[in-house]
Amino acid sequence: MAGLTLARKLAPGRRVIVLERGGPGSVPVDPTCADGEVVGLPYPLGEIRDFRLGGSSSVWAGYIAQLDRRDFAIGLGTELGGWPIEFDELAIYADEAASLLNISSADFAPDLMDLPKTLRRQLSPHGVGPQYWRFSKPIVRMGNDWFQYLSQSPEIAVLTGARALEILLTHAQNEVEAITCMAADGSRFEVRGSLFVLASGGLETPRLMLASQSRSPAGVGNYEGLVGTCFCEHPHLTVPGFELATGSPLNAYATTGVLRDGLPAIVNFALDAGAADLNARAHFFRTPAMAEDAVPRLGIFCEQSPIIASRVSLADGCDSSGVRKLVLDWRIAEQDIEELAAIANSLSEAFSRAGHGRLVRELHPGDIGSELILHSNHQLGTTRMATTAKQGVVDRNARVFGVDNLFVAGGSIFPRVGWANPTFTVMQCTLRLADHIAELV
Ligand SMILES: Cc1cc2nc3c(=O)[nH]c(=O)nc-3n(C[C@H](O)[C@H](O)[C@H](O)COP(=O)(O)OP(=O)(O)OC[C@H]3O[C@@H](n4cnc5c(N)ncnc54)[C@H](O)[C@@H]3O)c2cc1C
């Protein structure tokens, strides 16, 4: 999604080559998506990415949310740091991102949600405010929807079935000389250019950087050993001890919602800023296994703090193309689990006091086993943006520290991940990157 967005925005006046490992948009999911070892929290590698033109847009669900202003303040002054850019530096790209994602507005003002006034009045004294997701509609499938534009562009060359195998640095190691690639028939070739952008997702971008060892034994951009570290997801907790009242209007908001402009949205609930360090949102949902009229469960999407131990690294063994397999070790800091339990209790209590259900039992951190935590299909943070190379892999312009003509696009650059589904922010960052690159070439 980042790669094609960048190509579209850069192409007028510039020649762009897009290297896509998979085939054109209509082919089925590549089974090699499942390649890799998982040693930490459970993670179904084969279901959370898609090797084909358009990337994960072929399978994504279209939920749109944006980072909050407060997400840009968290982590500042800590060892790893937070966002080195301001909310407003991305906000100027909100309308452009919204238009590319087929949402007619980038306005996320809470009062746009058409909710009964009584509901707001009941919840607000307990520190809970209704918010919402917008939806990409019709849902963007870039491989299909943008195919005609891409194939007719005289400036964009899309090479499908072209897998980047290695980033080849110059002998001085401060620039990329070429990308070594493999075509679908197994033949190898090199792609040269003045500037290179890695946009292969939060797992494959660090794998490619780590596996590029022929001129840089630790991997490209890995002088401080940070490539692949700080892997973050949005842990989703199903709260076991809260029972929603059958008569509560919140039952309906598990699946439906509408904004005053008539567009679809689904309600979620935020705790007042300051109630917790980690940003989180609650929602009511039914799993696919539940009956359509079953009482929905309370779920929480939560931010996780970056930690070095949560990481992507290389396995000893290679895949069928001779490239080292990836190892994913997804971990969540103990402190985050404690905070997640506290957030779950605060929200459950707030909904109970507002008369929408019953807190059956308080949640303790020890109760939160991996069976209650689910991934959200978001692979973030593995080439984090930072002020210095000691804190991250790319600088405030998404340029890899120490490699002058190499940039990264995608959620791997997020230094803090907030609670929000990432694609809107990925698009904003990518549009910002395109403007920066346009000043260079
Ligand atoms: C099932 C699912 C549901 C989701 N739902 C939502 C949602 O509702 N809302 C939301 O905000 N986000 C959602 N996401 C996340 C969203 O899809 C990602 O945030 C977004 O796609 C990231 O874009 P990207 O460009 O970084 O990566 P991708 O879109 O994954 O693109 C990476 C591309 O790189 C290619 N590639 C990989 N390795 C190589 C290589 N070595 N050489 C050449 N090409 C390579 C891949 O084939 C792929 O085309 C969902 C994800 C999944 C999987």
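Let's start with confidence: within the protein chain, helix H4 (residues 117-123) has the lowest value, with a mean of 88, while strand E19 (residues 406-408) has the highest, at 99. This is a predicted model, and the chain as a whole has a mean pLDDT of 94, with 100% of its residues at 70 or more.

Now for the interior. In soluble globular proteins, nonpolar side chains tend to be buried together. Here, the largest nonpolar core takes in 132 residues. If you want a way into that core, pick Ile-167, Ile-300, Phe-351 or Phe-424, the residues with the most contacts inside it. Take Ile-167: leaving aside residues up to four places away in sequence, Ile-167 touches Val-176, Ala-178, Ile-179, Leu-198, Leu-208, Met-209, Ser-212, Val-220 and Leu-406.

On to the ligand. Strand E6 (163-169) supplies at least two residues of the shell around the ligand, and so do strand E1 (16-20) and helix H7 (201-211). In total, 29 residues surround the ligand, and the closest are Ala-2, Glu-20, Ser-56, Tyr-63 and Thr-423. Glu-20 gets a closer look here: an N or O atom in the Glu-20 side chain sits 2.6 Å from an oxygen atom of the ligand. A backbone N or O atom of Met-1 is 2.9 Å from a ligand oxygen, and a polar backbone atom of Pro-422 is 3.5 Å from an oxygen atom of the ligand. Taken alone, the ligand would expose 1000 Å², and the protein buries 91% of that.

One more stop: Glu-303. You'll find this residue in the loop between strand E14 (297-302) and strand E15 (311-318). Is Glu-303 buried or exposed? Glu-303 counts as buried, because its relative accessibility is 2%, and the cut-off for buried is under 20%.

So what does the Glu-303 side chain pair up with? Another is Arg-416, whose side chain makes a polar contact with that of Glu-303 at 3.2 Å. Finally, look across to Asp-336: Glu-303 and Asp-336 are 33 residues apart in sequence, and their C-alpha atoms are 8.5 Å apart in space.

Note on methods
Residues numbered from 1 in each chain as written. Predicted model: local features only at pLDDT ≥ 70, side-chain atom pairs only at ≥ 80, totals over all residues. Heavy atoms only, no water. Core = buried A, V, L, I, M, F, W, Y, C linked by side-chain atoms within 4.5 Å. Buried < 20%, exposed > 50% of the residue type's maximum accessible area, 1.4 Å probe, protein only. Contact = heavy atoms within 4.5 Å. pLDDT = per-residue confidence, 0-100. Helix = DSSP H or I, 4+ residues; strand = E, 2+ residues; numbered from the N terminus. Near = heavy atom within 4 Å. Polar contact = N/O pair within 3.5 Å; in protein donor to acceptor, adjacent residues only side chain to side chain. Areas by Shrake-Rupley, 256 points an atom, 1.4 Å probe, with all protein chains shown as cover.
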